[in-house]
Amino acid sequence: MSKVTLRSRWSAHDRALRRLTTPVSVLTADHEGRRHGTTVSTVTRISHRPQVLGVCLKPDSVLAKLATAEGRFAVNVLSGAQGPLARHFAESSRPDGAAQ
């Protein structure tokens, strides 16, 4: 019987989770002319009435700050063919604002 370590179980777990297919979206926000977008892997409907969506963002992220200041954001659901777009908005080194 082979010895299975916690580390090897997590590695197998991580490999399996990377194969999950989930819809990818780009969230965008615009506040006082400052625009930003970011890729997210999950958008969840919290309630139908009132319409409330849930997303996970870092509280200090540009998008979280803009969406909070503006009070709204847009959800752009991507197709499987739009992988390059998802990767673009996931890249933290891209320029800020409309130059994105």
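## Salt bridges

Glu70 is partly exposed, with 30% relative accessibility. Its side chain meets that of Arg72 in a salt bridge, at 3.9 Å from N to O. Arg72 counts as exposed, at 59% relative accessibility. This is a predicted model.

A salt bridge also links Arg35 and Asp30. Here the closest N and O atoms are 3.3 Å apart. Arg35 is partly exposed at 46% relative accessibility. Asp30 is partly exposed too, at 34%. The count of salt bridges comes to two. Side chains of opposite charge can pair when their charged atoms come close.

## The sheet

Three strands form an open sheet. Their order is β2-β1-β5, and the pairing is antiparallel. Strands β2 (34-40) and β5 (74-77) stand at the edges. Each has a single partner strand, so one side of each is left without a neighbour in the sheet. From one strand to the next, the twist averages 20 degrees.

Strand β1 covers residues 25-31. Four bridges join β1 to β5 in the antiparallel sense. Across from Ser25 stands Val77 in β5. Strands of a sheet pair through backbone hydrogen bonds, either parallel or antiparallel.

## Helices across the sheet

Helix α2 spans residues 62-70 and lies across β1 and β2. It runs at about 55 degrees to β1.

Helix α3 spans residues 83-90. Helix α3 also lies across β1 and β2, running at about 115 degrees to β2.

Terms used. Residues numbered from 1 in each chain as written. Predicted model: local features only at pLDDT ≥ 70, side-chain atom pairs only at ≥ 80, totals over all residues. Heavy atoms only, no water. Salt bridge = Lys/Arg side-chain N within 4 Å of Asp/Glu carboxyl O. Buried < 20%, exposed > 50% of the residue type's maximum accessible area, 1.4 Å probe, protein only. Pairing = 2+ DSSP bridges. Helix = DSSP H or I, 4+ residues; strand = E, 2+ residues; numbered from the N terminus. Axes fitted to C-alpha atoms, helices over the stretch in contact; angles between N-to-C directions. Contact = heavy atoms within 4.5 Å.
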